[in-house]
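I opened this model to look up a few things. My entries follow.

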Amino acid sequence: MKIELFENKVFFENNGIKNEIHPFWLRERVNGENFVDKKTQQRLFDPTKIENKIMIKNLNLSDEFLEIVFEDGTKTKLSIQSIEKEFSNKNLVQSIKKIKWDSSLKKLKNYQFNKNIFEEKTMYTALNDFYKFGFVIFKNVPTENNFIVHFANSIGSIRKTNFGEYFNVKSKPEPNDLAYTSLPLSPHTDNPYRKPVPCIQILHCIDNEVSGGLSTLVDGFTVTEDLKKNFVNLYEILTKIKVRYQFIDEKVILEDWAEMIELDHNNEFKQVRFSPRLDFVPLIEKEKLELYYSARKKISELCNSDQYKIEFKLSKGDLLMMDNHRLLHGRTSYDKNEGNRFLQGCYIDYDSTESKLKYLARKFAL
Ligand SMILES: [Fe+2]
């Protein structure tokens with residue numbers, strides 16, 4: 001992108017196309033200490049009280065700065081870098097490219113916990129890995145006093161649900177979810193019936209004495225991209241039909257309608273919801289249902305196949321942080337008589353974790 005001046009007007013050129021920057025866009029970015037609060041970057045003036053048709057009186061352009069004097073007498077010095085940044089309109093997290101993975105994924109770097117990690121560069125690297133691969137594992141995280149709550153609130157804000165601020169995953173009598181049994185759990189995403197679906201799930205292993213109960217992860221991004229490549233008609237029906245997801249227990253009724261594969265406004269992967277015990281397709285034409293059922297069967301086959309899933313054992317102190325909009329998780333069955341298997345879990349939303357990443361990037365000038 002290149003900035004040029006012509007007769008008190010500012011132009012930007014991108015890919016050979018030249019456009020004028022609206023003078024008001026520049027005027028509402030005046031950045032002196034009388035106009036912007038230094039700490040919060042919030043405006044100290046209300047731009048809706050300024051005349052929209054403001055004109056520029058004088059301009060000066062150097063390699064690094066654009067200096068402007070407006071006809072209302074205000075002056076500003078904007079860095080070219082800050083204008084370019086707004087032009088690309090991408091935040092730090094969006095610029096981290098997702099890396100697709102399948103069962104050939106080599107062992108990823110684990111991060112050793114220490115009590116200062118939340119303020120260290122290591123956490124920045126770990127969160128980067130999380131956004132690249134959809135998960136990250138921390139080792140030796142303290143298991144006392146529901147430490148998961150402190151952990152979650154130190155990288156984001158915990159998202160409380162009807163399962164509580166955090167939940168204990170161990171087999172218990174009369175469970176209200178299959179998670180609380182020793183049965184195998186095939187790969188699924190959590191809580192597709194919530195609005196919005198919890199973004200990040202944290203699972204912290206407090207105790208694991210059993211030989212089974214391996215944790216399973218599948219990259220829903222890889223699976224849905226492969227589905228698009230190899231079975232486009234199956235992919236398309238899953239991106240079009242809104243399915244009802246529901247959860248019911250004694251006092252709670254939750255439901256939401258969404259596509260199994262939700263796309264963003266660029267028709268790219270946004271989110272997968274896969275939990276075939278909780279989904280209810282609407283009563284639509286038989287032919288469409290025929291295709292839908294084939295598609296659901298296919299995505300289930302892929303998610304359960306050895307081609308895509310990784311399996312590993314969580315040991316005491318291991319903390320798994322995973323993207324619930326991208327990854328599917330599950331576990332193999334275990335024998336309760338072998339000993340304890342006790343995980344604690346909770347959810348956090350993306351925005352506070354994104355904030356943590358940006359904060360650490362700013363702190364370490366990365
Ligand atoms: Fe789950």
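I started with helix α6, residues 232-240, where Tyr235, Ile237 and Leu238 are buried. I count a residue as buried if 20 or more other C-beta atoms lie within 10 Å of its own, as exposed if 12 or fewer do, and as partly exposed in between, with C-beta atoms placed from the backbone. Seen down the axis of α6, the buried residues fall within an arc of 165 degrees, so they line one face of the helix. The arc is that of the directions from the helix axis to the C-beta atoms. Helices (H or I, at least four residues) and strands (E, at least two) are DSSP runs, numbered from the N terminus.

Before going on, I noted the ground rules. This is a predicted model: local features need pLDDT of at least 70, side-chain atom pairs count only at pLDDT 80 or more, and totals for chains, interfaces and linings use all residues. Residues are numbered from 1 along each chain as its sequence is written.

What does the face of α6 turned away from its buried side carry? I found the exposed residues Val232 and Asn233 there. The buried residues of α6 pack against α5 (220-230), β15 (253-259), β16 (261-263) and α7 (286-304). Contact here requires C-beta atoms, placed from the backbone, within 7 Å.

Next I checked the largest nonpolar core, which has 56 residues. Such a core is a set of buried Ala, Val, Leu, Ile, Met, Phe, Trp, Tyr and Cys residues joined through C-beta atoms within 7 Å. Phe135, Ile202, Ile299, Cys303, Leu319, Leu320 and Met321 touch the most other members. Helix α3 (residues 121-133) gives the most to this core, with 6 residues. I then followed Cys303. Leaving out residues up to four places away in sequence, Cys303 touches Pro187, Val218, Val223, Phe274, Tyr308 and Leu328.

I turned to the backbone. Most residues other than glycine have a negative phi, and most peptide bonds are trans. The peptide bond from Lys195 to Pro196 is cis, with omega near -10 degrees. Pro196 sits in the loop between β11 (185-188) and β12 (200-208).

Asn15 is not a glycine, yet has a positive phi of about 50 degrees. I located Asn15 in the loop between β2 (9-14) and β3 (17-20). Asn15 counts as exposed, with 5 C-beta neighbours inside 10 Å. Asn140 also has a positive phi, near 60 degrees. Asn140 lies in the loop between β8 (135-139) and α4 (147-155). Asn140 is partly exposed, with 15 other C-beta atoms within 10 Å.

Note on methods
Two residues are in contact if their C-beta atoms, placed from the backbone, lie within 7 Å.
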